[in-house]
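Subject: Model for handover

Hello,

Here is the structure I said I would pass on. My notes follow below it.

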Amino acid sequence: MAISYQLKRADFIFKNENDWEDVLSKSIKRTPSELINELISSELKGRGGAGFPTGLKWKLTAEVPNVTKYVICNADEGEPGTFKDREILSMVPFKVLTAMAICGHVIGAKEGYIYLRGEYFFLQPELKKAIKEFEYYCKEIKLDFTIRIFMGSGAYICGEETALFESMEGKRGEPRNKPPFPSDSGYMGKPTVINNVETLAHTYTIFKYGAKRFYDLGVQYSRGSKLFSVSGDSPKPGIYELELGMSLTDFIEEFGDGDTKAVQVGGASGFLVPRKRFAETAIGFQGKLVGISLPTGGSMMLFNSSRSMFNVLDNYLEFFREESCGQCTPCRVGCQQLLKGIKAVKRGEKNARYLDKLLRLTETMKLTAKCGLGQSVANSFSSIVENFREEMIY
Amino acid sequence: MTKKIKISINGIFVEVEEGTTILDAARKAGVIIPTLCYHKDLCIAGNCRVCVVEVAGQKRLAAACATPCEEEMEIYTNSLNVLHSRKQIIELLLSEHNADCTSCFKNGNCELQKLASDYKILKQDFIRLVPFKNYSIDKYSPSIIKDDSKCIRCQRCVRTCAELQGINALTVAYKGDQMKITTFFEKPINDVVCSTCGQCINHCPTGALVEKNYIEKVWDAITDKSKHVIVQTAPAVRIGLGEELGFPVGERVTGKMVAALKRLGFDAVMDTDFTADLTIMEEGTELLQRLKGVLVDHNPEVKLPMATSCSPGWIKYIEHIFPDFLNHLSTCKSPQQMFGALAKTYYAKARNLAPENIVSVSIMPCTAKKFEAARPEMHDSGYRDVDYVLTTRELAIMIKQAGIDFMKLEDAHFDRLMGESTGAAVIFGATGGVMEAALRTVYELVTGREVPFKNLDITPVRGMEGVREATIKIENPLEEWAFLDGIELKCAVAHGLVNAKKVMDSIRTGQSDYHFVEIMACPGGCLGGGGQPIPTSLEIRRKRAEAIYAEDAGMPLRKSHQNPEIIKIYTDFLGQPMSEKSHHLLHTHYTARERF
Amino acid sequence: MYPVSELIRNLADEHGRNRHNLLPILQGVVEQEKYLSEYSMIEIARELDLPASEVYGTATFYSFLENKKMGKYIIRVCKTITCSMKGKNQILLAIEDMLKIDLGETTPDGTFSLLQTNCLGFCHKAPAMLVNNEVYTDLTPEKVRDILSSYLRKQKEGGSHGN
């Protein structure tokens, strides 16, 4: 099938012209506010899944006067179905390091950290080599910026920004209360910019080519390109950089195996879109275009007609039940109730109407959970139960 | 000057300081938001999510205890979303909780129960989670029972043990559905550095942490005709007991307490305050002996500062954490244990009773006293000195069980022989009290004059600050104490083990040069002890302290050495302070323990 | 291979003795010993002047910091949805068959431990597993048997295979 008009490939992230030294030295000659404005006009939004405007984040942190600050690269990629950050760090690490140093220059930070998940331990040797080379160059151009790697140890929740800070401070990775936000009080209580690996890679592109090149891709509210990690029932699983704003129909045309029943957009914390909704769903950050627009970390898992959606939901709930930090009631108890609940309905121990009670529960979790994990369980739960109700019962 | 901002809560406009939490602001507007993990004594957690409220313009509900107010915030505490969410959260908590209320020690005084009752959770559809986990009840400690099946994971106990007491016996372990509150390697609480102070019990909202109760055993003893049961009551009980039985906080119910105990059937009702006076005599003398040992004899074996030893939580703490300082502790037993030792010797002889038929019970504001009574070395009378220790709460339960209308009781008096006490004894219940009582006696012993403070109220050692210092200059002492002339007696008072650590650290580094240090394990001193009525807060502790000092001011005798029964026991039985008999019955030794 | 207390002291010298150095030290001990014993946690608490319960509470939070004795090679098979769809159960069966242990167990000779873990980030090459820090993807029962055999061979030869 030919690539439809809407599904545009881009090639910014992995194209490596080995010019990072040039980009770095040029960027630090520009003023922080110039760089911030560049980011803001590009309308780059966080690529880890939350979608917070990057320019604004850097601006807020830069505005805090006269205090130690930190730049942290969130490489705790744990969302099921996401594997793009690993690829970025192994193929083009210098882009990320450069972006971190430029961020340091913008906000006034001298120390950068990469929080690398424990499962990616094998990336360490190469990454350490890259950092060594990078720091050597920084010394040459008299840029005071050091980068260290901090290893995680197997906790999905540490991908949440405040949980990450807690982990780096040697404590349990339990998310904090917000406010205060990381731009005011982050790692060690100091203003911190924490960005996803891919976000930083995009800022590199923007600083190299200027905001317009980035802005021209994508659609309104969803500018630029994004890396998508495609897996599941697909003949071509892998990582693809595509412009935002595409419709799911086109996506499935390209990546489906001809029998796609549903696609999970955004991993276990994302939404399951059934085939009948492909045409009206676009991938982006704000829905003004067509039907729903789904923010995402880029994980796309395709399911064909042989798959049981009950099994899928069961797997997600097991995941959340284990990986929740356990602090707050709605998430800790809620995840357990949801998992046991769907099993009970399937076994016939509970009436099918119990599913509605569980849906109501996910609404509560969305409103009251302390962090994104608890708040997003509702996404996959409601999208699966509402679209595949019969598979939950029979 | 903190900026003032205007916000609205349920349509009521309030002006508050910037940064005030929604919870506090609501209270100002007369709106009460229910909470569970929030406690005034502790840092903010924001994890139970019971206090969620709706803020206009925000799509998620905010936790009232953790969210600061901002200018022109519109808050709704009873919107449909809030009510539904709150009910669901309570229902979730109940599904994870062993809600067997009728067999629970905290039945009637449980915060979760109250929430369920207020919100009328009449239909509980969620799957009961408790049968799926294998919970065990830790009953090995003589003081505390930990029942994981009732834990709602609010983490109040962990924060208490960490912030208020600085011991960290409890911690949060694992994550997800396995997350639980436990100890190092999930050992029984008796096998870790727990000081048995019971502050965790005071702060636990449910029945997950309760004291080991000996009510049935005491009933058995009382109803056994062959046993002579005597009871002693601690100073802090008489200002705390009322709270459990209908009186407001800080009501002095001494007379009623004695009357109730008599009605319960105790054969003799006597006063720990008596042995508190005795402790002062012994400890004061010991202090003077130590001062002589250091200042005159320059004996390296004698250590200063001397630290008080009447708080068993403090004793267990120092045994674990500062075992190299054990010889700084006064060798005096606590008033409870002194009483216990005398009950089966001095009292038994005076009343012509066989000591093996005496059952010695004490009413304490403390859970560590249960541990203390069970310490292996506490049998100097030839029998277990104190058989059973009841907390203030347990006594209230017994009074209710016996059908006594506490409020209508006429005041009664303690029995003779070990029931007389002075104002100096009753202030033992407050932090700084032991120090004040000791100074009143020691100063007079040394100089022949009363302490140079108006009305004998040594105010520098009073109050609720963590660490307080006082200096008393000794001038023109009696000839016997000439070596103390010109000496400035430096004293320090600390309450709460976190402050104890501060004092001990400063002693270890040589930063301070105290002579005498009073340390109480519990915030506020005994009046805030692990066995006192729940709930507790700084305000409540202040009120109780006021009551104690009022009781002291109202007593005819204010100095320990004036107590006629004390004079009698020395003449008839002990000889003089620090005599051989005193040493045998009233002094003890300590055991070094592991830090981890 | 140093005895544990010396290892901990070296780690503390290398990383520092503050609270925020706790995690690298815990990781360092697990790297060598494969798990954190009661003794190691107490030594770490002593070295960093922390309460033992804090060390325990922090360590148990992280799935990779085991506190039960583990084998020399810890196998972690991914069980998240894509690997699950692509045959993780067959892989588990193959391993259980070959090593004669169940999930969560260690072989009697202490060579292998078998655990499950969550998404490893190789969904496009599912099923995947970790053996200590090495990743193996596109697994089939045969491939798994080969991989484990190579570990057994290295073990017999007395060498250290990867880490």
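Buried area here means the accessible area, taken with a 1.4 Å probe, that two parts lose on being put together, summed over both. By that definition, chain A and chain B bury about 3200 Å² between them, with carbon and sulfur atoms giving 53% of it.

The model is predicted: local features need pLDDT of at least 70, side-chain atom pairs count only at pLDDT 80 or more, and totals for chains, interfaces and linings use all residues. Residues are numbered from 1 along each chain as its sequence is written, chains are lettered from A and ligands numbered from 1 in the order in which they are written, and side-chain values use heavy atoms, with hydrogens and water left out.

Chain A against chain B

Counting contact as heavy atoms within 4.5 Å, 36 residues of chain A touch 39 residues of chain B. There are four salt bridges between the two chains, a salt bridge being a side-chain nitrogen of Lys or Arg within 4 Å of a carboxyl oxygen of Asp or Glu. One is between the side chains of A:K357 and B:E91, at 2.9 Å from N to O. Polar contacts link 22 residue pairs between chain A and chain B, both residues at pLDDT 80 or more. (A polar contact is a pair of N or O atoms within 3.5 Å; within protein, one must be able to donate a hydrogen and the other to accept it, and residues adjacent in sequence count only if both atoms are side-chain atoms.)

On the chain A side, the elements that give two or more residues are α11 (309-323), α12 (329-347) and α13 (354-368). Of these, α12(A) gives the most, with 10 residues. Helices are DSSP runs of H or I with at least four residues, numbered from the N terminus.

Within chain A

The domain assignment, which is automatic or from a database, gives domain 1 (20-215) and domain 2 (309-393) of chain A. Their C-alpha centres lie 33 Å apart. In this pair, 12 residues of domain 1 are in contact with eight residues of domain 2. Domain 1 and domain 2 of chain A bury about 860 Å², 67% of it on carbon and sulfur atoms. A:Y156, A:I157 and A:P175 supply 52% of the area that domain 1 buries against domain 2, more than any other three residues. Across this domain interface the rule finds zero salt bridges and two residue pairs in polar contact, both at pLDDT 80 or more.

Regards
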